[in-house]
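Work through the following exercises with the sequence and the model side by side, and try each task before reading its solution.

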Amino acid sequence: MSPVSTLKIDDDLGRTLLFGRAPRRIVSLVPSDTYSVIALGAGDRLVGRTSYCEHGDGVAIVGGTKDVDPDKVIALEPDLVIANQEENSRKPLEALAGKVPVLVSLPRTVEQGVAHLARLARILEVGGELVRRAYALPPAAAQRATCFVPIWMDPLMTINGDTFGSDVLARAGLGNAFGDRLRLYPLAADLGKGEAIEATGRDVRYPRITLGELTARGADAIVLPDEPHAFSLEDEAVLHAALPDARVVRTSGKDLFWYGAWTVDALPRVRELAATIGAGEAS
């Protein structure tokens, strides 16, 4: 009898996972990964998902992305749990570690998102054509304009250059007006009203800003995603008042923030958005 081949895969936490065969029971704790599993052709192996996963109808729900129920996950007897360091809370993932195989990702660029998709395809032994399409995505376009992308309104929050969304913008030809802005702690420091403390171990990629800082920075366009926050017309008016000369455009939050399979079709749409903004600036 020939020896069983073991696949060794490192996740984004640097942990090595071993697979003696392609997983047959998958729990996805990340909406974009749930989509990727289905797009890769392994949707019939999904046995668990979160309540925020818009794909995978009929698959058991194990909680939200932040309040995953480890007992529900374990009860489904998965041989692969797909998680994200940013999307999922640490405590449930720690409760699952050592009991079931947990693959944790944290892509911060389109390239890393594609590599994660390829990693999933390799583990699941599916999706070769989709992975080839992903690796064929065009390189970064020349910058057409700068934009401001808020992700929350109260407090007003945005993304810096070390985020997946910012890299999507760059690949489409849009500069991030807050690309170099780090999040400071505590909130008062972030808003310029107090001294900052050491941020060791904390995420500094999502700064909280003031309208005054937005005006001072400037941008050619305000790009309003429809998630994670649904910006109202009143929100739009407030932001536009801070940048009266900026063009306001609305777009899909998934196109900016969902990595993996979604990006394959999303990036061309964001490039079209960038072309529209750039044309407006040139006119």
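**Exercise 1.** By class, how many nonpolar, polar and charged residues does the lining of the largest pocket have?

*Solution.* The model is a predicted one, in which local features need pLDDT of at least 70 and side-chain atom pairs count only at pLDDT 80 or more, while totals for chains, interfaces and linings use all residues. Residues are numbered from 1 along each chain as its sequence is written, and side-chain values use heavy atoms, with hydrogens and water left out.

Begin with the term: on a 1 Å grid over the protein atoms alone, a pocket is an open set of points where a 1.4 Å probe fits, with protein on both sides within 12 Å along at least five of seven lines, and lining residues have an atom within 4 Å of a point. The largest pocket holds about 810 Å³ of space, and among its 27 lining residues Glu86, Glu87, Glu227, Pro228 and Phe257 are the closest to the centre. Sorting the lining by class then gives 16 nonpolar, five polar and six charged residues.

**Exercise 2.** Find the class make-up of the lining of the second largest pocket.

*Solution.* This pocket has a volume of about 400 Å³, and of the 17 residues that line it, Leu13, Gln85, Arg90, Leu93 and Val104 are the closest to its centre. Its lining comprises six nonpolar, three polar and eight charged residues.

**Exercise 3.** Describe the geometry of the aromatic pair formed by Phe164 and Tyr259, and state what the pair ties together.

*Solution.* Rings of Phe, Tyr and Trp (its six-membered ring) pair if their centres lie within 6.5 Å, and planes under 30 degrees apart count as stacked, over 60 as edge-to-face and the rest as tilted. For Phe164 and Tyr259 the values are 6.1 Å centre to centre and 75° between the planes, an edge-to-face pair. Phe164 belongs to helix 6 and Tyr259 to the loop between helix 10 and helix 11 (261–282), so the pair ties together parts that are 95 residues apart in sequence; helices here are DSSP runs (H or I, at least four residues), numbered from the N terminus.

**Exercise 4.** Which residues do ring pairs link into a cluster with Tyr35?

*Solution.* Tyr35 is linked with Trp258 and Trp262. The ring centres of Trp258 and Trp262 are 5.2 Å apart with planes at 70°, so this pair is edge-to-face.

Conventions: Grid points are joined across faces, edges and corners, and a volume is the space filled by probe spheres set on the points. Ala, Val, Leu, Ile, Met, Phe, Trp, Tyr, Cys and Pro count as nonpolar, Asp, Glu, Lys and Arg as charged, and the others, Gly among them, as polar. Helices (H or I, at least four residues) and strands (E, at least two) are DSSP runs, numbered from the N terminus.
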